[in-house]
Amino acid sequence: MGLLRLFIVSMLVISYSLSSELVLSGSVVSDNQKVLTSRNMGYVKEMLVSEGDLVKKGQLLYVIDPIEVNAAEQMNQNQLDNIMTNLVRHERLYAKGMVSKYDLENLRLAAKNQKQMLAISKAQDKYLRVTAPNDGIIVAKHLNEGEMATPGMPALVLTDLDKLKIVIEIGESDLSLFEVGTPLKVQVPSVNFETKGSVSAIIPASNPMTHKFRAKVSFDKGEKMIYPGMFARIVLKRESR
């Protein structure tokens with residue numbers, strides 16, 4: 001009787017090792033999230049989107065008041081006008097031998113540099129209208145109409161819904177089961193979605209608190225509406241050992 005029980009237990013263990021699955025929890029993330037900022041300082045004249053809005057590539061998101069840019073352009077124009085007036089006068093004086101060639105060349109160089117400065121300030125006009133670099137959804141808005149836009153400060157956060165991945169954490173003891181390209185089953189229970197996926201990246205740095213490694217899983221969501229932050233589950237079919 002003891003031998004029979006041992007035999008049954010052994011068969012169950014062998015059966016489990018051949019067919020068991022490793023199930024890990026994860027979260028859906030966007031692999032293409034952009035923080036949009038302004039290249040010019042100025043007050044927001046129009047804010048055309050809100051959090052949660054779906055936008056298309058090239059769609060106008062917000063407009064900066066041109067007063068600051070126009071003022072800089074006018075200042076550069078005035079400086080160029082003054083330099084050109086002096087240059088014309090120096091060229092007449094140089095022809096009469098009343099000024100040195102050195103002074104004339106310095107003014108010519110100043111005129112050239114100021115023309116470049118004016119061209120740069122005129123080119124800033126196109127940056128007053130901020131457009132979407134790709135399709136996506138606005139997940140954060142840090143500016144409203146009437147507030148000051150500052151270069152380098154976040155204005156909007158745009159998340160690409162077509163480039164989604166799942167982030168999972170793998171324990172040290174299971175890390176050997178995964179490599180880039182390992183096929184997986186992907187599930188997003190909240191929308192009753194299941195498909196095939198694969199490991200696209202393993203980050204070679206563990207969390208010192210949990211001793212787990214992060215990995216990214218690629219999958220094709222098709223036409224299903226799946227959003228960053230959704231709970232996901234990945235299933236790895238264990239190979240027999």
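A polar contact is a pair of N or O atoms within 3.5 Å. Keep that cut-off in mind for one threonine described below.

This is a predicted model. The protein chain has three helices and 14 strands. Of its 241 residues, 33% are buried. The chain exposes about 15,000 Å², and carbon and sulfur atoms supply 55% of that area. Among contacts with a separation of 6 or more, 73% link residues 24 or more positions apart.

Now turn to strand β11, residues 183-188. Strand β12, residues 193-206, runs antiparallel to β11, and six bridges join the two. Pro183 stands opposite Ser198 in β12. Together β11 and β12 make a hairpin, with four residues between them. Asn192 sits in the turn and has a positive phi of about 55°.

β11 has another partner. Strand β14, residues 231-237, pairs with β11 over three bridges, also in the antiparallel sense. Here Lys185 stands opposite Val235.

Step back to Thr182. This residue lies in the loop between β10 (164-171) and β11. Is Thr182 buried or exposed? Its relative accessible area is 8%, and buried means under 20%, so Thr182 counts as buried. Thr182 touches Leu177, Gly197, Ser198, Val199 and Leu236, leaving aside residues up to four places away in sequence. One of these, Ser198, is the residue opposite Pro183. The side chain of Thr182 also reaches the backbone oxygen of Glu179 at 2.8 Å.

How values were computed
Residues numbered from 1 in each chain as written. Predicted model: local features only at pLDDT ≥ 70, side-chain atom pairs only at ≥ 80, totals over all residues. Heavy atoms only, no water. Pairing = 2+ DSSP bridges. Buried < 20%, exposed > 50% of the residue type's maximum accessible area, 1.4 Å probe, protein only. Polar contact = N/O pair within 3.5 Å; in protein donor to acceptor, adjacent residues only side chain to side chain. Contact = heavy atoms within 4.5 Å. Areas by Shrake-Rupley, 256 points an atom, 1.4 Å probe, with all protein chains shown as cover.
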